[in-house]
Amino acid sequence: MPIRIPDALPATAALESENIFVMTEHRAMHQDIRPLRVLLLNLMPTKITTETQILRRLSNTPIQVEVELLQTVSHDAKNTAAEHLEAFYTTFDEVRDEHFDGLIITGAPVEKLDFEEVDYWPELCEIMEWSKTHVHSTLHICWGAQAGIYHHYGVPKHALPEKMFGVFPHEVVKRTSPLVRGFDDEFFAPHSRFTEVRAADIEAHPELELIAVSDEAGVYVAKSTDSQNFFVFGHPEYDRETLKAEYDRDVARGMAMALPAHYYPDDDPAREPAATWFSHAQLLYTNWLNYYVYQTTPYDISRAGERAGEEGASR
């Protein structure tokens with residue numbers, strides 16, 4: 001089924017070129033169904049790239065998905081044109097009285113800072129508090145996952161001796177979870193971060209459970225037992241070239257960077273990177289939308305958040 005996004009959004013042309021069904025606003029308004037309303041809080045500096053990556057993952061869903069883009073006002077986005085933000089993004093003040101079936105909070109390149117040192121931390125905390133009563137289910141990604149699990153459950157992050165950078169093998173530790181339905185025994189996912197959240201801290205919290213881990217990269221997926229909050233500590237939305245772009249950028253800056261692990265064939269950066277995570281990434285987003293949003297969200301959108309996750313508490 002299609003995603004519904006503004007006709008002029010740059011991602012529209014990119015997705016249509018990939019034969020992904022993007023519904024025009026005019027056509028969507030004439031369908032007699034209630035679409036899923038998903039709010040995307042984009043904290044990444046390269047907003048257009050991140051929009052396109054995540055919208056691509058939301059494209060294979062059981063019902064029409066209406067995506068609204070959210071920015072923080074307490075941070076000056078220097079890498080995205082002001083015209084783009086003004087045309088396509090909303091602010092929290094403009095949506096605080098609305099309800100959403102789903103919320104996605106992206107990563108951000110600020111993991112070396114303490115949470116309280118991030119300039120938009122108070123605003124992010126306000127949004128995460130608001131999500132408890134106005135959003136049915138929230139998906140947190142990378143630094144957004146570290147921020148969310150810290151804010152909601154007090155689980156800290158820890159500095160790593162070197163950047164966790166590459167594509168790593170993982171295994172599912174809770175096979176009964178619908179979130180990982182269809183996953184292989186071993187699957188791959190990209191990571192790009194300087195900090196981690198530890199499995200022991202998650203396992204010690206009665207309201208949290210581990211879903212997938214990696215011997216090399218550590219925790220990959222965790223969730224709250226009430227299924228209101230999901231935490232993905234990697235970047236399943238990344239394109240084939242994203243880690244290459246990060247590596248090339250840092251090398252050009254004169255940084256001593258190791259090659260992304262398990263990424264280039266034979267560790268040769270002159271060769272095209274191998275994309276080994278696309279199928280699991282699509283399943284992850286589709287399963288979240290299907291089992292934890294579409295199948296359990298109230299039909300009356302104004303009730304989203306009232307009983308978020310009750311139906312999925314044992315899953």
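Modeller: The structure holds 15 aromatic pairs, where rings of Phe, Tyr and Trp (its six-membered ring) pair if their centres lie within 6.5 Å, and planes under 30 degrees apart count as stacked, over 60 as edge-to-face and the rest as tilted. One of them joins Phe 115 and Trp 143, which is tilted because the ring planes stand at 45 degrees, with the centres 6.0 Å apart. Phe 115 sits in the loop between strand 6 (100–105) and helix 6 (121–134), and Trp 143 belongs to helix 7 (residues 143–153), so this pair ties together parts 28 residues apart in sequence. Helices (H or I, at least four residues) and strands (E, at least two) are DSSP runs, numbered from the N terminus.

This is a predicted model, so local features need pLDDT of at least 70 and side-chain atom pairs count only at pLDDT 80 or more, while totals for chains, interfaces and linings use all residues. Residues are numbered from 1 along each chain as its sequence is written, and side-chain values use heavy atoms, with hydrogens and water left out.

Helix 3 (residues 47–57) packs on helix 10 (residues 278–294) at about 75 degrees, with the axes 8 Å apart; axes are lines fitted to C-alpha atoms, for helices over the stretch in contact, and angles run from 0 to 180 degrees between N-to-C directions. Helix 3 is therefore roughly perpendicular to helix 10, the term for 65 to 115 degrees, with under 35 roughly parallel, over 145 roughly antiparallel and the rest oblique. Ile 54, Arg 56 and Arg 57 of helix 3 meet Phe 278, Ala 281, Gln 282 and Tyr 285 of helix 10, contact meaning heavy atoms within 4.5 Å.

On a 1 Å grid over the protein atoms alone, a pocket is an open set of points with protein on both sides within 12 Å along at least five of seven lines, a cavity is a set where a 1.4 Å probe fits but cannot get out, and lining residues have an atom within 4 Å of a point. The largest pocket contains about 900 Å³ of space. Among its 35 lining residues, Met 44, Pro 45, Pro 109, Glu 246 and Arg 249 lie nearest the centre. Helix 9 gives the largest share, five residues.

The second largest pocket has about 220 Å³. Its lining includes Phe 165, Phe 168, Phe 194 and Met 257, and strand 8 (residues 158–172) supplies the largest share, five residues.

Two cavities reach 30 Å³ or more. The largest cavity has a volume of about 60 Å³, and its lining includes Asn 42, Lys 47, His 75 and Tyr 120. Grid points are joined across faces, edges and corners, and a volume is the space filled by probe spheres set on the points.
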